[in-house]
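Reader: I have a model open on my screen and I'd like to learn how to read it. Could you walk me through a few features?

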Amino acid sequence: VKLWLDAALVEYAALDDTTRATLSTIQQRLIGSTHPRSQQPSGGVTPSQLLQQLFVETPAPSDPQSRPCGYVFRSGDIAWNCRTCETDPTCVLCDQCFHASNHEGHEVYFHRTSPGGCCDCGDVEAWRLEGCCPTHRPKVNHDAKKQDEEEDTTTGVEFEAVRAARRARLKTEASLKILPSTLGPALGVVVGAAVQCVLKAADGCGVGADLSQWKIRWAEQIASIVNGVAHEEEYMLHQGRTKESFVTPHIVLQLSSAEEATTTDSMPTKWDGQFPDRFRLHLRLHNDDVHTYDEVIKALHEPSSSSSSVSSVMGTAATERLSSLRLVADHDSAERMTQHVDTDGQVTVKTYTQISAASAGFLRLKQAGLLCSVVSTPQVDMELRARTVLRWLTDLIKWHPAIAGVVTHALVDVTGGDDLLLGDAQCCAVWCEARLRAPWDRSANGDLYTREALRKLWLLQPKSSFYNQVPFRLPSTKFYKSPHALWGTLL
């Protein structure tokens with residue numbers, strides 16, 4: 001994944017002749033070659049090496065502000081609290097920053113950390129300037145402060161967060177101007193796609209905690225796999241089939257019922273109700289820092305009594321059959337899972353090949369008061385990719401300050417990519433999703449649309465039958481229950 005992202009960034013940037021020549025020069029210097037390879041700028045060295053050297057050779061604009069430390073704590077690290085300097089008890093310094101700063105006469109104490117959390121040294125919203133170490137202590141920029149005061153008088157804005165965001169954007173745009181002309185737009189496209197990969201993975205995690213949402217979401221994935229499509233546009237390739245011959249999420253939910261093993265006349269006989277190869281539903285248990293070891297082990301290992309909620313999902317006969325079964329048959333395995341949850345925050349309890357069975361397992365843990373979720377195999381794969389993408393973004397941010405600004409813009413932009421960094425002149429658009437030309441438009445210079453905008457455009461084309469083959473369409477994601485409302489069920 002990281003290699004693909006590096007290669008995509010290089011290829012986008014190399015579309016410009018000047019940038020391609022720069023990349024070729026760097027490549028020749030790195031490999032000691034005297035033969036130009038301008039057509040393949042990444043040949044001979046890895047795209048990562050090429051990008052890193054390009055950013056190293058592109059000086060960043062002078063910045064009087066220091067960056068916060070941000071050291072991410074590992075298990076067993078020492079974190080320091082100072083009641084004189086901290087904004088609240090959650091604000092801490094790493095051991096190195098604490099010993100490099102002056103806290104004489106302050107009330108301080110330390111503790112050993114669990115994985116996660118970061119050092120707040122240099123963060124003006126979390127720590128007093130006088131208590132920061134010299135490396136991360138923000139330097140006062142009197143010109144910027146004067147400009148902020150003038151703008152506050154004009155616009156009435158008095159919030160430090162707004163001023164800080166405005167300054168950060170200006171610094172990002174100044175850094176982008178120094179980069180080669182096509183590298184900025186390339187960062188917008190590739191970094192935007194990488195950030196969206198992470199956000200979609202997080203969205204799936206939240207959806208997995210809500211029974212009504214994950215059932216329809218994973219049923220949609222199954223239907224798409226059985227139909228052999230990844231996006232709506234691909235149904236156009238199946239002109240020899242009728243719309244009724246495709247599987248829909250409603251049919252998936254019906255055929256996955258534990259008590260309904262046969263198909264009806266209204267259902268396509270092409271699918272037998274079995275999950276696609278390697279597709280499974282995974283029941284996860286999450287750490288809530290409330291329940292004891294014994295309570296969790298009991299919920300995992302002991303048989304569950306029948307209940308109305310499980311009966312409504314599985315049916316009476318199936319509920320009576322499963323009530324005597326344990327989620328985890330072996331007591332030692334249940335104990336190991338409980339330890340795993342305490343250490344890593346979550347564990348996969350069981351995998352299923354029926355949506356109704358996964359629903360019953362989900363409800364059994366819910367009835368025990370535990371935090372759980374159900375995710376599909378594609379969702380698990382997306383989370384693994386997201387972890388790799390996060391590591392790639394972390395490495396990339398270290399190379400140039402412009403990249404951190406592009407990542408931040410991708411996270412906070414709510415315009416769908418219409419808020420351009422650098423304006424229309426250099427057009428650094430950070431897209432929140434892929435865009436494509438209208439497939440029925442033969443013009444090579446056609447406009448680019450999001451999938452939602454493309455469907456609206458199709459509705460204005462009375463003669464086009466492009467989407468007529470699509471057998472189902474779920475509501476737009478903007479109408480889904482926000483996954484942020486579900487985080488409380490997971491954390």
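This is a predicted model: local features need pLDDT of at least 70, side-chain atom pairs count only at pLDDT 80 or more; totals for chains, interfaces and linings use all residues.

Reader: Let's start with the helix. How many residues of α7 are buried?

Author: Buried here means under 20% relative accessible area. In α7, 18 of the 25 residues are buried, so the helix is largely enclosed by the rest of the structure. Helix α7 covers residues 183–207 and reaches 36 Å from its first C-alpha to its last, close to the 36 Å expected.

Reader: And the cores? Which residues have the most contacts inside the largest nonpolar core?

Author: The general idea is that in soluble globular proteins, nonpolar side chains tend to be buried together. In this model the largest nonpolar core has 48 residues, and Trp214, Leu281, Leu283, Leu285, Leu300 and Val349 have the most contacts inside it. Helix α14 (residues 355–367) gives the most to this core, with six residues. Apart from that core lies another, of 39 residues, among them Leu50, Ala186, Leu396 and Ala402.

Reader: What does Leu283 touch?

Author: Leaving out residues up to four places away in sequence, the partners of Leu283 include Leu327, Val349, Phe362, Leu365 and Val374.

Reader: Last one: at what angle do α2 and α3 pack?

Author: Angles of 65 to 115 degrees count as roughly perpendicular. Helices α2 (residues 17–31) and α3 (residues 47–56) pack at about 110°, with axes 10 Å apart, and are therefore roughly perpendicular to each other. Thr22, Leu23, Ile26, Gln27 and Leu30 of α2 meet Gln49, Leu50, Gln53 and Leu54 of α3. By class, that contact has five nonpolar, four polar and no charged residues.

Note on methods:
Residues are numbered from 1 along each chain as its sequence is written. Side-chain values use heavy atoms; hydrogens and water are left out. Helices (H or I, at least four residues) and strands (E, at least two) are DSSP runs, numbered from the N terminus. The expected span of a helix is 1.5 Å times one less than its number of residues. Buried means under 20% relative accessible area, exposed over 50%, partly exposed in between (1.4 Å probe, protein chains only). A nonpolar core is a set of buried Ala, Val, Leu, Ile, Met, Phe, Trp, Tyr and Cys residues joined through side-chain atoms within 4.5 Å. Contact means heavy atoms within 4.5 Å. Axes are lines fitted to C-alpha atoms, for helices over the stretch in contact, and angles run from 0 to 180 degrees between N-to-C directions. Angles under 35 degrees count as roughly parallel, over 145 as roughly antiparallel, 65 to 115 as roughly perpendicular and the rest as oblique. Ala, Val, Leu, Ile, Met, Phe, Trp, Tyr, Cys and Pro count as nonpolar, Asp, Glu, Lys and Arg as charged, and the others, Gly among them, as polar.
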